[in-house]
Amino acid sequence: MTFVPANQGIEKLKPYQPGKPVSELERELGITNIVKLASNENPLGCSDQVKKAVAAELAEIGRYPDGGGFILKDQIQAQFGFGHQQITLGNGSNDLLEIFARAFVSEKDSVVYSQHAFAVYGLVTQAINAEALEVPAKGFAHDLDAMAAAVQANTKLIFIANPNNPTGTWFEEAEFDAFMQKVPAHVIVVLDEAYVEYYPENFNSLKFLAQYPNLIVSRTLSKCYGLAALRVGFALASVEVTDFLNRIRQPFNVNHLAMVAAVAALKDEAFIEKSRAVNKAGMAQLQAGLEQLGLSYVPSRANFILVDIQADPAQTFNDLLKQGVIVRPVGIASHLRVSIGTEAENAKFLAALAEVLALEVQA
Ligand code: PMP
């Protein structure tokens with residue numbers, strides 16, 4: 001076969017490693033009753049309102065979706081107060097992250113992001129063959145001062161996550177505002193808020209949009225809203241920025257059932273409140289359980305927690321698989337990331353972890 005070279009950036013690209021699906025582990029080990037705490041999904045699944053709304057629209061599968069996403073944009077407008085011209089829809093927010101980079105970054109430009117940030121920032125930068133300026137984290141958190149200082153003449157975009165995945169760390173409004181003041185107005189700042197619904201009292205990003213036309217706020221329906229399988233995200237930004245994003249967005253990137261589901265999910269505030277409460281209780285359960293095992297963790301404002309297992313992550317990950325528990329190694333020495341599950345799932349994880357690390361509950 002003739003060798004066909006790929007684009008330079010893509011030749012060096014190592015693809016994203018998703019969390020291991022339950023069905024794959026079932027096939028490999030022939031076991032059932034598996035607990036998956038690997039992809040920060042909602043352990044409650046999705047709202048019943050979503051199921052009803054999707055079921056009512058099944059007959060529409062034969063038609064193309066509305067490429068303009070009218071019903072979903074209307075719901076977003078009603079809830080968040082930004083008009084259709086400030087909304088970009090994505091096939092999950094991963095799709096949006098790629099759209100942001102493709103819209104604003106060319107080869108020879110640079111992109112700033114933090115060490116220990118969401119892996120996709122590096123991937124979309126690499127795919128364009130742009131320069132990655134990875135700024136060392138402060139502890140496990142973004143060092144916003146250092147990130148602003150890292151901006152070069154060729155920097156076009158900065159990715160930041162609040163809270164961050166996989167560390168769960170966060171920053172406050174004043175810190176963010178000070179950062180935005182330092183970033184030149186021609187540099188796009190992507191504020192990725194995939195987990196913002198879990199602790200919404202901490203940060204109101206939307207008020208910054210009017211002040212900073214170079215800011216993009218990115219949200220997803222995959223986490224607290226429970227629509228991970230359907231792939232829906234949205235971005236809010238200035239009219240000017242949104243226009244560029246929508247020029248390269250695939251016209252049917254969000255399918256009809258996903259949009260219908262997203263509208264129902266956004267409307268069901270009771271489900272979000274319940275999900276938030278389950279997450280808070282689960283976070284407390286895991287923190288207490290880890291402390292009893294003598295393990296430390298990184299304080300988190302998301303729906304997962306980064307645990308210092310004081311052991312080899314790959315080995316412990318594999319040992320936990322044999323116990324029917326899927327977690328996530330995230331490339332941080334001696335740490336594993338665990339999503340917050342239901343009470344029973346969290347209990348199973350804690351018991352399995354104690355077993356594979358041969359730890360005893362301390363009095
Ligand atoms: N941003 C962050 C910080 C994430 O953790 C994730 C999911 N792992 C995403 C974006 C992408 O999620 P989705 O494509 O499902 O919206």
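Reader: Which classes of residue make up the shell around the ligand?

Author: Start with the classes. Ala, Val, Leu, Ile, Met, Phe, Trp, Tyr, Cys and Pro count as nonpolar, Asp, Glu, Lys and Arg as charged, and the others, Gly among them, as polar. In this structure, the shell has 3 nonpolar, 6 polar and 3 charged residues. Before going on, note that this is a predicted model: local features need pLDDT of at least 70, side-chain atom pairs count only at pLDDT 80 or more, and totals for chains, interfaces and linings use all residues. Residues are numbered from 1 along each chain as its sequence is written, and side-chain values use heavy atoms, with hydrogens and water left out.

Reader: Which residues are around the ligand?

Author: A residue is near a molecule if one of its heavy atoms lies within 4 Å of it. Here the residues are Gly92, Ser93, Asn94, Phe118, Asn165, Asp192, Ala194, Tyr195, Thr220, Ser222, Lys223 and Arg231.

Reader: Which helix gives the largest share of that shell?

Author: Helices (H or I, at least four residues) and strands (E, at least two) are DSSP runs, numbered from the N terminus. The largest share, 3 residues, comes from helix α5, residues 92–104.

Reader: Now for single residues. Is asparagine 279 buried or exposed?

Author: Buried means under 20% relative accessible area, exposed over 50%, partly exposed in between (1.4 Å probe, protein chains only). Asparagine 279 counts as buried because its relative accessibility is 4%. This residue belongs to helix α12, residues 269–292. A polar atom of the asparagine 279 side chain lies 3.0 Å from the backbone oxygen of alanine 302.

Reader: Is isoleucine 61 buried or exposed?

Author: Isoleucine 61 is exposed, because its relative accessibility is 58%. Look for it in the loop between α3 (48–55) and α4 (70–80). Isoleucine 61 and leucine 257 are 196 residues apart along the chain, and their C-alpha atoms are separated by 7.9 Å.

Reader: What about leucine 245 and glutamine 315, how are they separated?

Author: They are 70 residues apart along the chain, with 42 Å between their C-alpha atoms. Leucine 245 sits in helix α10, residues 239–248. Its relative accessible area is 0%, so leucine 245 is buried.

Reader: On to the backbone. Which peptide bonds are cis?

Author: Most residues other than glycine have a negative phi, and most peptide bonds are trans. Here the bond from asparagine 162 to proline 163 is cis, with omega near -5°. The bond from asparagine 165 to proline 166 is also cis, with omega near 15°. Proline 163 lies in the loop between β5 (155–161) and α8 (173–182). Proline 166 is in the loop between β5 and α8 too.

Reader: And what is the phi of asparagine 40?

Author: The phi of asparagine 40 is near 55°, a positive value in a residue other than glycine. Asparagine 40 is in the loop between β1 (35–36) and α3. With a relative accessible area of 1%, asparagine 40 is buried. Histidine 116 also has a positive phi, near 60°. Find histidine 116 in the loop between β3 (110–114) and α6 (119–127). Histidine 116 is partly exposed, because its relative accessible area is 22%.

Terms used. A polar contact is a pair of N or O atoms within 3.5 Å; within protein, one must be able to donate a hydrogen and the other to accept it, and residues adjacent in sequence count only if both atoms are side-chain atoms.
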